[in-house]
Amino acid sequence: MSKGNYYSSKDQNLPEEVTQYRLFDEDGNELWIIEQILDKKWYSKEQCYKYKVKWKGWPMSDCTWEPIENLETVEDLVQEFDMEWEQNRKNKKGTLARFC
């Protein structure tokens with residue numbers, strides 16, 4: 001699921017035809033709807049953060065870890081998650097949060 005066009009389920013500008021779980025654009029490319037970003041973690045081998053994504057219409061077992069460049073179309077959702085994530089880290093008062 002790391003390729004395709006992503007939408008946030010919070011997106012006010014979703015196309016009207018986005019009423020099913022498996023969607024396709026006019027060129028036949030599959031569209032994916034991000035229900036929620038659940039977590040993020042550092043991948044030292046790749047030197048980047050990846051975000052754990054819950055896909056609308058898919059079970060939790062089908063969540064995937066996506067690099068930021070795969071989430072460019074849902075930048076607002078990523079920024080909102082990052083702000084909450086940073087706030088949660090600050091609230092831990094000196095303890096590092098473990099993410100999996």
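What percentage of the 100 residues in the chain do buried residues make up? The figure is 30%. Keep in mind as you look around that this is a predicted model.

**Stop 1: the whole chain**

Start with a cartoon view. The chain has 1 helix and 5 strands, and reading along the sequence gives the pattern β-β-β-β-β-α.

**Stop 2: the helix**

Select residues 75-91, which are helix H1. Its 17 residues reach 24 Å from the first C-alpha to the last, close to the 24 Å expected at 1.5 Å a residue. Now show the side chains of Leu77, Val78, Phe81, Asp82 and Trp85, the buried residues of H1. Turn the view until you look down the axis: these buried residues fall within an arc of 130°, so they line one face of the helix.

Next, colour Asp76, Met83, Lys90 and Asn91. These exposed residues sit on the face of H1 turned away from its buried side.

**Stop 3: the nonpolar core**

Select Trp32, Ile34, Ile37, Tyr51, Val53, Trp55, Leu71, Val74, Leu77, Val78, Phe81 and Trp85 together. You now have the largest nonpolar core, made of 12 residues. Strand S3 (30-43), strand S4 (48-55) and H1 are the elements that each give two or more residues to this core. Which element supplies the largest share of the core? That is H1, with 4 residues.

**Stop 4: ring pairs**

There are 4 aromatic pairs in the structure. Begin with Trp42 and Tyr49, whose rings are 5.1 Å apart, centre to centre, with 70° between the planes, an edge-to-face pair. Both partners are partly exposed: the relative accessible area is 43% for Trp42 and 31% for Tyr49.

Then move to Tyr51 and Phe81. Their ring centres are 6.0 Å apart and their planes stand at 75°, so this pair is edge-to-face too. Here the pair links distant parts of the chain, with Tyr51 in strand S4 and Phe81 in helix H1, 30 residues apart. Are Tyr51 and Phe81 buried or exposed? Tyr51 is buried, at a relative accessible area of 5%, and Phe81 counts as buried at 11%.

**Stop 5: lysines over rings**

Now select Lys41 and Trp65. Lys41 lies over the face of Trp65, at 4.8 Å from the ring centre.

**Stop 6: a buried glutamate**

For the last stop, pick Glu66 in strand S5 (residues 64-67). Glu66 is buried, with a relative accessible area of 1%. Which side chain does the side chain of Glu66 make a polar contact with? Show Asn70: its side chain makes that contact, at 2.8 Å. Finally, draw a line from the C-alpha of Glu66 to that of Tyr49. The two residues are 17 residues apart along the chain, and the separation of these atoms is 8.6 Å.

Conventions. Residues are numbered from 1 along each chain as its sequence is written. This is a predicted model: local features need pLDDT of at least 70, side-chain atom pairs count only at pLDDT 80 or more; totals for chains, interfaces and linings use all residues. Side-chain values use heavy atoms; hydrogens and water are left out. The expected span of a helix is 1.5 Å times one less than its number of residues. Buried means under 20% relative accessible area, exposed over 50%, partly exposed in between (1.4 Å probe, protein chains only). The arc is that of the directions from the helix axis to the C-beta atoms. A nonpolar core is a set of buried Ala, Val, Leu, Ile, Met, Phe, Trp, Tyr and Cys residues joined through side-chain atoms within 4.5 Å. Rings of Phe, Tyr and Trp (its six-membered ring) pair if their centres lie within 6.5 Å; planes under 30 degrees apart count as stacked, over 60 as edge-to-face and the rest as tilted. A charge sits over a ring if NZ of Lys or CZ of Arg is within 6 Å of the ring centre and within 35 degrees of the ring normal. A polar contact is a pair of N or O atoms within 3.5 Å; within protein, one must be able to donate a hydrogen and the other to accept it, and residues adjacent in sequence count only if both atoms are side-chain atoms.
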